Every structure is written in C-alpha cells, then in structure tokens.
Amino acid sequence: MQSPVLVIAGSVRPRRIAPQVAAWIATLGRDATSLSFEVVDLSDWPLPMDDESAMPNTGQYEHERTRAWSHKVTAAPAFVFVTPQYNGGYPAPLKNAIDHLYKEWAGKPAMIVCYGGHGGGKCAEQLVQVCQYVKMKPVAIRPALMLPHELIVANAGQIDPAATFASQLTEVEQAFAQLKDALADDQVATEA
C-alpha cells in the first residue's frame with residue numbers, strides 16, 4: 001500500500017484557517033483521484049530555524065525532530081502545499097519546513113494551492129521556484145483561491161472552504177487531475 005500524499009498546511013499563525021482549507025483540499029483530492037491524503041499541520045512539526053549544523057543535502061540530521069520530518073517526507077509520493085499569501089509571499093514556517101530537508105523532496109510531484117485577498121499568485125510563483133530548486137515537480141495548475149475581504153477583516157480563524165471557494169472548485173479538480181497524472185507517470189517510470 002502506498003503512503004498518502006501529504007497535504008501540508010503552510011501557516012502556524014493563531015486563528016489561521018490553513019488546517020480547515022487543507023482538510024477540504026484533502027477531501028477534494030480523495031474524491032477526484034481515489035488516492036490517499038493526509039493533512040500535515042506544521043504546528044505539529046516544530047522545526048527551529050537553522051538548528052542543524054550540517055547542510056540539509058547531506059541528510060545528516062542530529063535532531064530527532066528533523067529525522068522524523070525526514071522520514072515523513074521521504075515516505076510521501078507527492079505533496080499538496082496549502083498556504084496563505086502573506087505580503088506577496090508564503091509563510092516562513094513553510095519555507096523552513098522545506099529548507100530543513102533536501103533530497104527527500106526530489107523527484108516528487110507537488111501541487112500548490114494558495115489563498116488570500118488577492119488569491120495567492122505571487123506566493124505560488126515563489127513556492128514553485130523553491131520546489132523546482134529542491135527538484136520537486138510542481139504541476140502547472142496552481143489554484144489561487146480568493147478569500148473575501150470580510151473574512152480577512154474578521155480574522156476569526158473559521159471558514160467554510162466549500163462555500164467560500166465554490167466558484168473555484170473546477171480549477172482545484174483540474175490541478176488534482178494533473179497531480180494524479182504526474183504520479184501515474186512516476187509509477188510507469190519506476191516500473192520501467
């Protein structure tokens with residue numbers, strides 16, 4: 001049995017909606033692809049900034065928390081990054097989680113789903129560059145979900161993603177089709 005695709009919720013702020021959006025995305029993924037998905041909340045994976053003395057590309061980790069993160073990422077066949085756009089970029093904890101490792105990401109498909117008042121296109125562009133640098137294979141469709149201004153102002157930490165992002169459901173499903181195809185291509189290449 002294949003390990004689940006990891007749906008990584010990219011924000012750790014108080015009153016964040018990332019886990020709720022990630023859970024909705026995981027449900028859509030299961031329905032669209034028949035694959036297994038697991039939501040990973042970065043707040044459950046505290047990785048202090050720059051606390052490993054060796055470069056990540058060596059894979060020599062002195063801290064158990066980094067080794068555990070390495071095993072989690074290594075086991076995953078693909079990733080879905082679900083992240084808000086903060087000031088035109090993506091949150092530092094997500095960058096830190098990626099930067100803690102290197103080889104573990106290589107060759108694996110990645111789907112990027114951003115959300116925010118402007119959708120998250122700038123965030124996605126930056127995240128694509130980092131994914132490519134660590135040799136992930138980002139799919140072309142990157143849903144940028146528009147968060148209504150009133151939800152941003154309320155900052156209540158609550159959202160009904162299915163209702164809020166209903167008009168963009170087709171784009172999310174198309175991105176999942178690309179992710180499924182990328183995984184199928186990897187399977188064919190592995191068996192060849």
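## Pockets, salt bridges and cysteines

The second largest pocket is lined by M49, D50, D51, E52, A54, M55, P56, Y61, K95, N96, D99 and H100. This is a predicted model, in which local features need pLDDT of at least 70, side-chain atom pairs count only at pLDDT 80 or more, and totals for chains, interfaces and linings use all residues. Residues are numbered from 1 along each chain as its sequence is written, and side-chain values use heavy atoms, with hydrogens and water left out.

**The pockets**

A pocket is an open set of points on a 1 Å grid over the protein atoms alone, where a 1.4 Å probe fits, with protein on both sides within 12 Å along at least five of seven lines; lining residues have an atom within 4 Å of a point. Volume is the space filled by probe spheres set on the points, which are joined across faces, edges and corners.

The second largest pocket has about 210 Å³ of volume. Its lining holds five nonpolar, two polar and five charged residues. Here Ala, Val, Leu, Ile, Met, Phe, Trp, Tyr, Cys and Pro count as nonpolar, Asp, Glu, Lys and Arg as charged, and the others, Gly among them, as polar.

The largest pocket holds about 460 Å³. Its lining counts 23 residues, and R13, Y86, L147, I152 and N155 lie nearest the centre. By class, this lining has 10 nonpolar, 10 polar and three charged residues. Strand β4 (109-116) and helix α5 (149-154) each give it at least two residues. Helices (H or I, at least four residues) and strands (E, at least two) are DSSP runs, numbered from the N terminus.

**The salt bridges**

A salt bridge puts a side-chain nitrogen of Lys or Arg within 4 Å of a carboxyl oxygen of Asp or Glu. The whole structure has five. Among them are these pairs.

| Pair | Closest N and O atoms |
|---|---|
| R65 and D51 | 2.5 Å |
| R67 and E64 | 3.2 Å |
| D99 and K95 | 2.7 Å |

R65 and D51 form a salt bridge. R65 sits in helix α2 (residues 64-75) and D51 in the loop between β2 (37-41) and α2, so the pair ties together parts 14 residues apart in sequence. D51 also lines the second largest pocket. D51 is buried at 17%. R65 is partly exposed at 36%.

R67 and E64 both belong to helix α2, three residues apart, about one turn of the helix. R67 is partly exposed at 31%. E64 is partly exposed at 49%.

D99 and K95 lie in helix α3 (residues 92-99); they are four residues apart, so about one helical turn separates them. D99 is partly exposed at 34%, and K95 is partly exposed at 31%. Both D99 and K95 are in the lining of the second largest pocket.

**The cysteines**

A disulfide is a covalent bond between the sulfur atoms of two cysteines. In this search, the two sulfur atoms must be within 2.5 Å. The whole structure has zero disulfides. For C123, the nearest cysteine sulfur is that of C114, 3.4 Å away, and C123 is in no disulfide. C123 is buried, with a relative accessible area of 0%. C131 is in no disulfide either; its nearest cysteine sulfur, that of C114, is 9.9 Å away. C131 is buried at 0% relative accessibility.

Conventions
Buried means under 20% relative accessible area, exposed over 50%, partly exposed in between (1.4 Å probe, protein chains only).
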